[in-house]
Amino acid sequence: MRESLWIVDAFAHETLLFAGVGLLLGGIDDLLIDLVYIVRRILYGRRPRLTLATLEPPHTVGRIAVFVAAWDEVAVIGGMLSAAVERYEHDDYRIYVGLYPNDRATIDAAAAVAERDPRIRLVIGPRDGPTTKADCLNTLWKALRRDDARDDARTKAIVLHDAEDVVHAQELRVFDSLIDRYEVVQLPVLPLVNHGSRLVSGHYADEFAESHAKQIIVRTALGAGMPLAGTGCAIAPEVLAMIAQARGGEPFDATSLTEDYELGLRLAELGARGIFARVATDEAGGVVAVRAYFPGTITTSVRQKTRWMTGIALAGWDRTGWASPRAFADHWMRMRDRRAPLAVVVLAVAYVSIPAWATALLLHWQIGAAMPYPAPHPIAFVLLVANAALLVWRLAMRMIFTARSYGLREALWSLPRFLVGNLVSLIAAPRAVIVYIGMLRGAAPVWDKTRHEFPAGPADTDTLPSSPPQSIAAAG
């Protein structure tokens, strides 16, 4: 019994120590981001906000092309296109929809809207789907180049959107203005909370509220490359043409699972000027942003997080490398991007250490005074206090940023959703490793989509709908 108890004690001690050190390092990393953000707010917080009222009129003319890649999107593509042409307040734009010849249902749904509006251009690729989103975007790029050459026209900006996006009426106006001064413009992405799946879908709202109101601002302020969100972003065609020329005619890497993330870093390496544009619509705090429903079940969320983790944290290490040793900020941000698998290991050990520690205490209590529980090491106590303080700080920051974008009620929901996010990551991490090993062995990347949803009725892009969506795509 004593030997078995010694093993339990040792296991509890070592797992607590490993988890404590790992959580401390991750907590300090996050704290540094918070401190940079707070200092920046103190120094520059009184600068006038960029608003629709203060937005400069565009200095150059040209059409804006909106790219929408669609595979198995029959339930959302019609609603998305109809909403886009009804909302957009711009005089010169065209929506290019990328389709696959073996996806007749999506083609028919998109064609039904295109018949009513000539600004929608359907482009059916040469290969059956699914390939990758980047491959579909390359098909749209080639179609745009042919159209510009035929019409002797100039495309001013290329905007990327997903098939489930709820676009903002003023976003093309923002892009039209800012693309005169920047080659890359990214709008905030604010996920819609599906009230029928508040815990799972809502944890995306919490993560993006913090990421697109703090982390990406710190990233750009430090001079690090700005990864694109893959939606709600505008790119100058000239810089895409530079990448296309280097890649044999295609600007988007068709072998990538996270082409948006890699494209943002590649554009930064080329010296493209980028801006994260948080443009206020009014004094009440509304912003020009992209809204969309994210996965609402654990299964679909795990699939999406698996793709993100594989493409950014694992394959991204091989594909994008590291910045110059002198570019400390970029190096630091890429390290943060790739820490997810290690963070999940630390988190898993932390969850294991809690029942191990409780079991050790219970066994010592049963034995009694004959073998009391050993006094905790002072270092262990310091780690416990420090990590508890960092956790409280982390949760407080999450609540503050969620409240800023979604209100107090969703901020309170962000506390249990923090645990849901951890659970999704714990399940996704080993799946990401398996997918990555398959890629190393030569497996072709596939567009592993999750099912998408679109609001069944009109939804104001500055407010959250009060009811869950009714149309659901079984995109498998």
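In this predicted model, strand β1, covering residues 63-69, runs alongside β2 and pairs with it in the parallel sense over 6 bridges. Within this pairing, Ala 65 stands opposite Arg 94 of β2. To pass from β1 to β2 the chain goes through helix α2, residues 77-87, and this β-α-β crossover is right-handed.

Strand β2 also pairs with strand β3, residues 120-124, again in the parallel sense, over 5 bridges, and here Val 97 is found opposite Leu 122 of β3. Together with helix α3, residues 104-114, the strands β2 and β3 make a right-handed β-α-β unit.

How many of the residues of strand β2 are buried? The count is 7 of the 7 residues, 93-99, and therefore the strand is largely enclosed by the rest of the structure. Both of its faces are covered, with Tyr 93, Ile 95, Val 97 and Leu 99 buried on one side and Arg 94, Tyr 96 and Gly 98 buried on the other.

A search of the whole structure finds 9 aromatic pairs. In one of them, the rings of Phe 67 and Tyr 96 have centres 5.9 Å apart and planes at 65°, and because planes over 60 degrees apart count as edge-to-face, this pair is edge-to-face. Since Phe 67 lies in strand β1 and Tyr 96 in strand β2, the pair ties together parts that are 29 residues apart in sequence. Phe 67 has 0% relative accessibility, so it counts as buried.

Elsewhere, the rings of Tyr 204 and Phe 294 have their centres 5.0 Å apart and their planes at 35°, so this pair is tilted.

Definitions and conventions. Residues are numbered from 1 along each chain as its sequence is written. This is a predicted model: local features need pLDDT of at least 70, side-chain atom pairs count only at pLDDT 80 or more; totals for chains, interfaces and linings use all residues. Side-chain values use heavy atoms; hydrogens and water are left out. Buried means under 20% relative accessible area, exposed over 50%, partly exposed in between (1.4 Å probe, protein chains only). Helices (H or I, at least four residues) and strands (E, at least two) are DSSP runs, numbered from the N terminus. Two strands pair if DSSP finds at least two bridges between them. A crossover is right-handed if, with the strands pointing away from the viewer, the path from the first strand over the helix to the second runs clockwise. Rings of Phe, Tyr and Trp (its six-membered ring) pair if their centres lie within 6.5 Å; planes under 30 degrees apart count as stacked, over 60 as edge-to-face and the rest as tilted.
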